[in-house]
Amino acid sequence: MKALKLLIACALTGAISMSCNQMKKEKMTESVSETPKAKFEKNINAQDFITTIEGDSVGFYVLTNANGMEATFTNYGLRLVSLYVPDKNGEFTDVVLGFDKLEDYRAKKNFYGAVIGRYGNRIAKGKFTLDGKTYDLAVNNNENHLHGGLLGFESVVWNVEEQSDNSISFTRTSLDMEEGYPGNLEVKVSYVLTDDNALEISYEAKTDKPTYVNLTNHSFFNLKGEGEGTVNDHIVMLNADKFTPVDNGLIPTGELQDVAGTPFDFKTPKAIGQDIEADFEQLKLGNGYDHNFVLNETPKNAEGLTFAARVVEPNSGRTLEVYTDEPGVQFYGGNFLNGTDIGKSGKAYVRRGSFCLETQHFPDSPNQPEFPSTRLEPGETYTSHCTYKFGVVEN
């Protein structure tokens, strides 16, 4: 009845202050109040995410599994807001960085927990040529294009397609020439929180013109807990014999360099901080680790996804394994965090206070034909899958 009265008021008075946008906000508030409350509420109030942005409703969504894990999301930027994971003693802690209010995500450019598109990572000079036509993209990372541009997928409101206790799907259409990319791109992103403590992410996209697509998730992890100091003591194994070295703009040179004998060799597990201050040019260019690793094609899990990485936090005993069907993973060690962002628990996000493992095609692939192609044609369906599987070390 409340929504009906608002609709009648809009028709009779034409008052902008009682427009359909306001009705959308009230309807969203009512729908969220009917959903299960977050189990771990001390740092987040769902109502701090309920609003409208340019007429689109923004909400707060909770997924749970049978083991007590909990993931929360906002459809603004498709952001993973919190992820509560048990340690070796069964104690749950939020292991992803982020904010407790929507306004903090919007206040300045950031990628905490977001889906990145249309193109994850960098494109040199903000240009590419497709079928003889040069396209100019937003230049937002020195002289290059980064993570989809000035208003990428992390800064727009998505539609909620469907939701259950442990899954949720979002959709949106990125219009032709949005941020300079050709084609109307219909995108669907789905999350599933499984009972074996995995967060599964699936991407689909279709276009009506040839275009380039490279979607990923930009969650910042700290397995000790968000805001709990640096991750330099986390033990990392990367299933990669090679990585793509970069120039001083962090654009790949085109070479696939062997990791053997370099600080980039994580084939045998080692602490992130073990070699991070080594006298090695690539570490200096990236201010630490901020590079694409070329994944080996085996081993694969039961779903056919390639094992990409394993991370162990020694004190809590938490582990994270990453699986994907992408050819690469960007390993980023939080080098550009500087303590100015204050997270959900009220703690500063210090330099190297998190790591990212962004499954992806290689950076700048549209300008590097020897790299695996990111081209999508009309009539084709782009798909990509990533699984973040959590566990604990076995005694």
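**Cores, pockets and salt bridges in the predicted model**

Setting aside neighbours within four places in sequence, L83 makes contact with M69, E70, A71, T93, D94, V95, V96, F221 and F390. All of this comes from a predicted model. L83 also belongs to the largest nonpolar core, which holds 59 residues; L83, Y191, F293, F331, F355 and F390 are the members that touch the most others. The element giving the most to this core is strand β14 (residues 185–193), with 5 residues. Another core, of 20 residues, lies apart from it, and I53, Y105, Y112 and V157 are among its members.

I53, E54, D56, Y76, R106, L151, S155, V156, V157, R172 and E178 form its lining, which divides into 5 nonpolar, 1 polar and 5 charged residues.

Salt bridges come next, and the whole structure has 19 of them. In one, the side chains of E143 and K125 meet at 2.7 Å, N to O. This pair links distant parts of the chain, 18 residues apart: E143 sits in the loop between β10 (133–136) and β11 (145–146), and K125 in the loop between β8 (122–123) and β9 (127–130). E143 is partly exposed, at 45% relative accessible area, and K125 is partly exposed as well, at 45%.

A further salt bridge joins R375 and D131 (2.9 Å, N to O). Because R375 lies in strand β27 (residues 375–376) and D131 in the loop between β9 and β10, this pair ties together parts 244 residues apart in sequence. R375 is partly exposed, with a relative accessible area of 29%, whereas D131 counts as exposed at 57%.

D176 and K209 also meet through their side chains in a salt bridge (2.9 Å, N to O). D176 is in the loop between β13 (167–174) and β14, and K209 in the loop between β15 (198–207) and β16 (211–212), so parts 33 residues apart in sequence are tied together. Both are partly exposed, D176 at 29% and K209 at 38%. Finally, salt bridges with shared partners join D131, R375 and E377 into one network.

Technical notes: Residues are numbered from 1 along each chain as its sequence is written. This is a predicted model: local features need pLDDT of at least 70, side-chain atom pairs count only at pLDDT 80 or more; totals for chains, interfaces and linings use all residues. Side-chain values use heavy atoms; hydrogens and water are left out. On a 1 Å grid over the protein atoms alone, a cavity is a set of points where a 1.4 Å probe fits but cannot get out, and a pocket is an open set with protein on both sides within 12 Å along at least five of seven lines; lining residues have an atom within 4 Å of a point. Ala, Val, Leu, Ile, Met, Phe, Trp, Tyr, Cys and Pro count as nonpolar, Asp, Glu, Lys and Arg as charged, and the others, Gly among them, as polar. A nonpolar core is a set of buried Ala, Val, Leu, Ile, Met, Phe, Trp, Tyr and Cys residues joined through side-chain atoms within 4.5 Å. Buried means under 20% relative accessible area, exposed over 50%, partly exposed in between (1.4 Å probe, protein chains only). Helices (H or I, at least four residues) and strands (E, at least two) are DSSP runs, numbered from the N terminus. Contact means heavy atoms within 4.5 Å. A salt bridge is a side-chain nitrogen of Lys or Arg within 4 Å of a carboxyl oxygen of Asp or Glu.
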